Amino acid sequence: MGRRRRLVDPAAKAGAGALPEVIAALSRSLPAGPSPEIFRRAKFDRPEAAPALWRLLFRLLSPLSADGASPTLAQEAQASLVKSALRSQGYPRLALAQLPEDGSRGSRELLLALSWLLARAPLPERLLAQAHVQLGDEMPVCECEALASPGPWALHVEAEGPVDIRCVQWLMGRLRFRWRCLTASQQEQCTLLSKIHLYTRGCHSDRSLGHLSVAETEMLRDPEGGQQVGGQGRGPQWSTARQALQEAVEQELAALRWAWEQDRGPARPHGPHRLVRLGDEAPGGQYLRAAEVIQALKSQEACLEAALRRLQGQCRQELARLAGALPGLIWILPPRR
Amino acid sequence: MLPAGCSRRLVAELRGALDACAERQLQLEQSLRVSRRLLRAWEPAGTLAPEPPPGPETKEEDPSPACTPSSQDLKELELLTQALEKAVWVRKGISKAGGRHKAPSLKSGFFATSPGTTASTPPWAPGQTGSHASEAKLSRGIHQTTVPAKGHPEHRLPSAEHRARVGVEARAARPGPGLRDQDVAPLAAPQAPEAFTLKEKGSLLQLPAAFRKAASQNSRLWAQLSSAQPRDSTDATATAKTQFLQKMQTASGRPGPVLSAVEVEAEVGRLQEACSLLRLRMREELSAGPTDWMQEYRGLLTLEGLQAIARQCLHRLQELRAALAEQPLGPCPVGRPSRASLPCGGGTGSSWSPQLLLYSSTQELQTLAALRLRVAMLDQQMHLEKVLMAELLPLVSSQELPSLALCRAVHSLLCEGGEHFLTILHDDPAD
């Protein structure tokens, strides 16, 4: 008990006594975590520690949490991406940008960069929350990583040469087809999930959950082988009525602000949540209702659709202008849906 | 042909989007496999036949150049072909007398094509879950034509070997491999007496004691972790962190950017969303006809409030612009999206263990999942739209006489999401 407490609260103990334990814990919990020896060597700016730290930073900064999504990127490419990611996050020191990308030196600067990242955000906790064993059927309520493109972080086969516009159209069509497949598969998965939850009602030892998740059911099958604000009423007198109206409008507008101000005000829910089918009794503790999330998503959908239509409208105008410069042609636009 | 740089960038972006979709699809298919297996009758341990291997569309991207079809494309083409064949079959079946039993046409359809070609396997739309009925029909059909001498099919299987074969048959969720051996005695679903189905006996399951112990220990540890958090924020560690960050800032010698590129982009994104929402709300308000003066007053208050917010957003935007003008920021390399600078770890401050999300019906769950996907796809589409605009509009405007095919393609891509096309006619003077 004493040891555990020490691990959880190392900062309370000033002094170098607790440091080796902290480093060891960090080394174990970070993905692609370097050994404590690497940290020690980096403190003395030993060149051999540099490649491991470049890899660690790459792993921490790449947007996909995926299991080794980009194992094949070369050292130089990784280092270059790490540099620009840190710069865009506002890393203050120029020394990092000047480091050679071949990993031949700079371990101390990299160690500083790692410390900077750790000081700015609760990195270990986030990584832990990401990597935890999923006992339940989890669904993220934010869309931070829903269809995140790997972008420059993944290895892409370069196109052989210039392509025709029809190739672009074809790729776009493929993408639309994949969207359709995703939607269909997703619907099917929801149906199956719902059935499994329904059929295993009453089994869970934790009463607040009520039913098993797919992971838990699978484990049993094969043990070997997881508000919104409302309006207000009105008073009989004009002054009270007016006040009530004002409050109502203010609350409405506040809710509107909340819809886009993600980092300020009430925190918007993020991350994975365990799906639970509503039983006869509501579970204790904190929980989100699907209806709330659906509302938030609907407003986001509306925003995005409006923005997309606006962009498309801009393009239409621009192209019409260019078409005007080509005489002797009639442009018949496709009918509006 | 598009210029080389433009080609490269466009193809890279689209391939990135395609990869993201493929990965999501893979995850979904894995979950689907597991879920389907759970809802079928559970095989007794020991006769588990291996799962059909996942399709060739695994992580390896096609090494071929962008425009030659890859294995993933072939698979998609297969699916399309099967869907089309089914449509044809349905249409044929309907055009023949409707009352006739479908089995003969199904049989003839099946044997008209050799079983070797996967593209012409019996048509049924992929992704259909409750397809046991059609499986049964199919299997019975095969049996009746191939093994007439054996007489009536047996519904009880004596030997474990047959049961294993039946397991394979029932498991052949994708057409192809399971139908190669036509002399196997196929059955719809194993009717063995000990078959366990989740539907009938699911509520009798019980989690093993060891698991329960581990799960409660797990939640205890999470609780311990989250209780340690608030202390950290008021502790000496918080001040130590801030001091460290400040030292880093001053040691670099630069006054330091007030905002990083990521933050600026995030804020601009928020302001755009704000603008959209404000516009929507304003339109709603303007189009609603007030029935009495109370409502009209409320509408007035709302519009005034919206105007105030809009003014604040505009002010903020101007601040950002001024700040950017002073200090040029480096390029932002993060692929997509740049909303979360670090991977989204979840949790709202105090608790890091996954919280609960309650749903009340299948419909609600489907709506939720569909909306999530829709928002993600719209996000992708927006990003692609911006990229396409940046690459294609300059191209078309820079050319003296752009080819009509190019104009048509660009219009379709930029203005119709690639779904519709315009028509261009020569304006010949009427004779």
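Q: Which strand of chain B pairs with strand 2 of chain A, and is the sense parallel or antiparallel?
A: Strand 1 of chain B, residues 355-359, pairs with strand 2 of chain A, residues 272-277. The sense is parallel, over five bridges. Keep in mind that this is a predicted model.

Q: What is the bridge partner of A:Val276 there?
A: B:Leu358, in strand 1 of chain B.

Q: What order do the strands of the sheet take?
A: The order is 1(A)-2(A)-1(B)-3(A). That is an open sheet of four strands, with mixed pairing.

Q: Which ones are the edge strands?
A: Strand 1 (138-140) and strand 3 (287-289), both of chain A. Each pairs on one side only.

Q: And what does the twist average?
A: 40° from one strand to the next.

Q: Back to strand 1 of chain A. In what sense does it pair with strand 2 of chain A?
A: Antiparallel, over three bridges. In that pairing A:Glu138 stands opposite A:Arg274 of strand 2.

Q: Which helix lies across strand 2 of chain A?
A: Helix 9 of chain A, residues 165-199. It lies across strand 1 of chain B as well. Helix 9 runs at about 55° to strand 2 of chain A.

Q: What about helix 12 of chain A, which strands does it touch?
A: Helix 12, residues 290-324, packs on the sheet and touches strand 3 of chain A together with strand 1 of chain B.

Q: How much area do they bury between them?
A: About 17400 Å². Of that, 69% is on carbon and sulfur atoms.

Q: How many salt bridges between the chains?
A: Five. One of the salt bridges joins A:Glu301 and B:Arg374. Their closest N and O atoms are 3.0 Å apart.

Q: And how many residue pairs are in polar contact across the interface?
A: The rule finds 29, with both residues at pLDDT 80 or more.

Methods:
Residues numbered from 1 in each chain as written. Chains lettered and ligands numbered in written order. Predicted model: local features only at pLDDT ≥ 70, side-chain atom pairs only at ≥ 80, totals over all residues. Heavy atoms only, no water. Buried area = accessible area lost by both parts, 1.4 Å probe. Salt bridge = Lys/Arg side-chain N within 4 Å of Asp/Glu carboxyl O. Polar contact = N/O pair within 3.5 Å; in protein donor to acceptor, adjacent residues only side chain to side chain. Pairing = 2+ DSSP bridges. Helix = DSSP H or I, 4+ residues; strand = E, 2+ residues; numbered from the N terminus. Axes fitted to C-alpha atoms, helices over the stretch in contact; angles between N-to-C directions. Contact = heavy atoms within 4.5 Å.
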